[in-house]
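Please look over the sequence and the structure below. The paragraphs that follow walk through parts of the model one at a time.

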Amino acid sequence: MSNSDNFFNSIIPASNLFTNHVEKGSYIRLVTHNDADGLSSGGILAACAVRMGARFKISSEKKLDEKLIARLAEESPDLIVFSDFGSAYLESISETLKQDIIILDHHMPVEYEANNIIHVSPMLHGVDGAREIAASGVCYFFAKALDPANVNLACLGLLGALGDQQDSGERKSLFGLNSIIEQDAIDKNMLKKHVGLIFYGYETRPIAKAIAYTTLPYIPGLSGNESNSVAFLKEIGIEILEGDKLKALADLTDDERTNLFSALSNHMVSSGCDSSAIHQLIGTIYTFKLEEQSTPLRGGREFGSLINACGRMGKPGVGLSVCLGDRGDAMIEAQEVLAGYRITIAKALDWVQMQDKVEEQEHIYVITAENKVNDTVIGVVSGVLLGQGILKAKKPIVATAFTEDDQLKVSTRGLDELVKAGLHMGIIMQEAAEAVGGGGGGHDIAAGAYIPRNKEREFLENVNRLVEKTLNAYE
Ligand code: C5P
Ligand code: C5P
């Protein structure tokens, strides 16, 4: 049997257990991570629970820790379903929580057997959970196993993959098990794909806004700055108006699009970006056909960004409501949150770049942001900085920020070529954090940790040394 067949088979005991609990009238607790992938996972699971008439409650959480586990123990539900986290916490979960547990995750798992836990993860079957399927995909296949009619949740299944940047195939496409979800969505007439300039709102948004609103790729001087984008378009001779209507990217002629692409490439090169960042300008555009034309939900990546913004700006409930289909009040609030998120990222990037805060160490880049950058967006900022290709040496970036509960949040982002050379930042975060009394994990390319504040220096030294050791071992 293939890896993916083994993965699909592993879902069946979990979906059977869930159905049994619904039929018994059990109280089911859904607990999900609070980023785009976690919230779209939660949206899928809550939709299934509603459709089955289950008795349930859902919450989204920044992290899975002892405090959360203790809270859940007190609530004492009959079944707990964790989504987008859990794989690394089997031991602490099983020590305290004695009811039935289902974990639907895609992070680096730990090896641990517990009678009351059904652990569904692509990583247990040789499928790459960092690139080929996200937690929302795992939840989507779980939903389909519950009821084939849940195929109409396919766009939510893709949303987590886009939010987690799994679009790293040719021309920024999704691949692996994500392609199966994509095909389901196309077959159900919910999804359209085409290749073009990657900016948000391809069909609908005025071009300057499309450029300014897009955070990946992050174009120095233009991203987050609409007036600079207008001036840029004028300078390269692109007419932004057609009559009294502001043109969208889809309204440009082929020549104008070519001109725009080459002007943007030149601008990025002269701003210090490398060729891989320029390649990010063109890619596969995922249009969610059932969403209103002029909303940020129409483009899969922007939808992912909107939900990520809700999670990372402390409004996960709003993101969850949008995933669950609220296109009224929650949508209005989510758009405000997204606008605030863009400003937060732009300010954080300005702070890092203006103050020259990226310190180059022997084997890693380091940013110690203290309270200058919110711990929930430090990872996004690190990803943007590395993605621009302005940092010339091929080193992972490790960034730290204070948390509200007096700890230190660590976010790290690697590079594909370092992963190919054997570097797994999730393993390094786990090892280096545990050595200083914290905890960490994640994926090979993007990972994180929580550690005591006074252990920052020791932790960074450990990471530096572990990166060196791993890369030397693979040379
Ligand atoms: O918790 P989770 O797996 O959902 O988050 C993965 C994180 O890694 C996301 O914030 C995503 O943007 C980031 N990522 C990245 N570069 C990649 C792949 C993922 O920064 N190539
Ligand atoms: O928060 P950030 O986006 O930097 O997280 C990067 C990745 O590391 C995410 O997939 C997140 O779930 C994971 N992570 C983890 N354990 C931690 C912190 C982050 O697995 N303690």
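A polar contact here is a pair of N or O atoms within 3.5 Å; within protein, one atom must be able to donate a hydrogen and the other to accept it, and residues adjacent in sequence count only if both atoms are side-chain atoms. The model is predicted, with local features needing pLDDT of at least 70 and side-chain atom pairs counted only at pLDDT 80 or more, while totals for chains, interfaces and linings use all residues. Residues are numbered from 1 along each chain as its sequence is written, chains are lettered from A and ligands numbered from 1 in the order in which they are written, and side-chain values use heavy atoms, with hydrogens and water left out.

Begin with Lys-395, which lies in the loop between helix H15 (378-387) and strand E12 (397-402). Helices (H or I, at least four residues) and strands (E, at least two) are DSSP runs, numbered from the N terminus. The side chain of Lys-395 makes a polar contact of 2.7 Å with the side chain of Glu-360. Lys-395 has a relative accessible area of 12% and is therefore buried. Buried means under 20% relative accessible area, exposed means over 50%, and partly exposed is in between, with a 1.4 Å probe and protein chains only. Contact, in turn, means heavy atoms within 4.5 Å. Leaving aside neighbours within four places in sequence, Lys-395 has contacts that include Gln-361, His-363, Tyr-365, Leu-386 and Leu-418.

Lys-172 sits in the loop between H6 and H7. The relative accessibility of Lys-172 is 12%, so this residue counts as buried. Its side chain is joined to that of Gln-280 by a polar contact of 2.8 Å. Not counting residues up to four places away in sequence, Lys-172 touches Asp-167, Ile-198 and Arg-301, among others. From Lys-172 to Val-195 there are 23 residues in sequence and 8.9 Å in space, C-alpha to C-alpha.

Next comes helix H7, residues 177-187, where Leu-177, Asn-178, Ile-181, Glu-182, Asp-184 and Ala-185 are buried. These residues are on the same side of H7 because they cover an arc of only 160° around the axis. The arc is that of the directions from the helix axis to the C-beta atoms. An α-helix has 3.6 residues a turn, so residues three or four places apart point the same way. The cover over the buried residues of H7 includes helix H1 (3-24), helix H5 (135-146), helix H6 (154-163), strand E6 (191-197) and strand E9 (282-288). Just after H7, Asn-189 has a positive phi of about 65°.

Helix H17 spans residues 425-435, and its buried residues are Met-425, Gly-426, Ile-428, Met-429, Ala-432 and Ala-433. An arc of only 160° around the axis holds them, which means that they lie on the same side of H17. The face turned away from that buried side carries the exposed residues Glu-434 and Ala-435. Among the elements that cover the buried residues of H17 are E12, E13, E14, E15 and helix H18 (456-474).

The ligands come last. A residue is near a molecule if one of its heavy atoms lies within 4 Å of it. Around ligand 1 there are 14 residues, of which Asp-35, His-107, Asp-164, Gln-165 and His-443 come nearest. An oxygen atom of ligand 1 is 2.8 Å from an N or O atom in the side chain of Asp-164, and an oxygen atom of ligand 1 is 2.9 Å from one in the side chain of Arg-413. Ligand 1 taken alone exposes 470 Å², and the protein buries 84% of that. Such areas come from the Shrake-Rupley method with a 1.4 Å probe; for residues, only the protein chains shown count as cover.

Ligand 2 is surrounded by 17 residues, the closest being His-107, Arg-312, Lys-409, Ser-411 and Arg-413. An oxygen atom of ligand 2 is 2.8 Å from an N or O atom in the side chain of His-107, and an oxygen atom of ligand 2 is 3.1 Å from one in the side chain of Arg-312. The protein covers 85% of the 460 Å² of accessible area that ligand 2 has on its own. Strand E13 (407-413), strand E14 (439-442) and strand E15 (446-452) are the elements that give two or more residues to this shell. E15 gives the most, with 5 residues.
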